[in-house]
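Please look through the sequence and the model before reading on.

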Amino acid sequence: MNSPGHREYIRRVPGAKTAVLCIHGIIGSPRHFTGLIPLIPGNVTVYNILLPGHGGTAEDFARSSMRDWELYVAKLANRLCGEYENLIIAGHSMGTLFAVDAALANPERVKGLFLMNVPLTPRPKLDAVLNSVGVLWDVTSPNPVISASKASYSIQPDKRLWKYLAWLPRYGELFKKAAQTRQRLPLLRVPGVAFVSGRDELVSPLTYPLLRRTGTVKTVWLPGSRHYYYTKEDRARIKAEFSAMLAPFC
């Protein structure tokens, strides 16, 4: 059963020409896009999805796989490209890798990529591990970084930490997926905007020059933000860029 607050949000608009697809990260949630959904005009279809194996227990997540997620997103993106003239894809973390896949497969219908914290060069730091333990143990903390992480995590907390050993294959798959995307990135022709957090505890700053080399993706540096946490100023920049991307298709 899905955890409260981590359910997907779908709004189908009859006659719409444009759809927005939002794809969360590896242990993320549709909640990550809560601040963006109200910016999408009412004449646009919205799919803010929950990936298979998410929104439930640690065991549910362990039984899922990268292949499950890839197929789920590819099938949905292909269907939306068949139903709508324009598809805008917003992704966070692992979700950005699937967004790139969809853009490479459907370059004529995918009109824009909105990429947040692209894990082209994953590099977990110690504070990322400490934050994760705080989240998975459901620790109450005034730390805004931990609070933001808790809001975005869709897996039910479980204090039996050995349960998370079964997650290791999923993270191995993520590192492999990141390497594959680095190789395919030069083929990208769809325009987009990518945000790189200056204090990202999970992704190396080396991602920034890799994105800039595409020539089609505008890269925005968020100096004070983290992987899940964004400063007030950076949130305003993200929202402004999102509205600007949508404007030509609404």
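**Surface and core**

The accessible surface of the protein comes to about 11,300 Å², of which 58% belongs to carbon and sulfur atoms, with areas from the Shrake-Rupley method and a 1.4 Å probe, where for residues only the protein chains shown count as cover. This is a predicted model, in which local features need pLDDT of at least 70 and side-chain atom pairs count only at pLDDT 80 or more, while totals for chains, interfaces and linings use all residues. Residues are numbered from 1 along each chain as its sequence is written, and side-chain values use heavy atoms, with hydrogens and water left out.

Q: What percentage of the 250 residues in the protein is buried?
A: Buried means under 20% relative accessible area, exposed over 50%, and partly exposed in between, with a 1.4 Å probe and protein chains only. By that cut-off, the buried share of the 250 residues is 52%.

Q: Is Trp162 buried or exposed?
A: Trp162 lies in the loop between helix 5 (144-152) and helix 6 (168-184), where helices are DSSP runs of H or I with at least four residues, strands are runs of E with at least two, and both are numbered from the N terminus. Because its relative accessibility is 57%, Trp162 counts as exposed.

Q: Which residues touch the most other members of the largest nonpolar core?
A: A nonpolar core is a set of buried Ala, Val, Leu, Ile, Met, Phe, Trp, Tyr and Cys residues joined through side-chain atoms within 4.5 Å. In the largest one, which has 49 residues, those touching the most other members are Leu21, Ile89 and Leu113.
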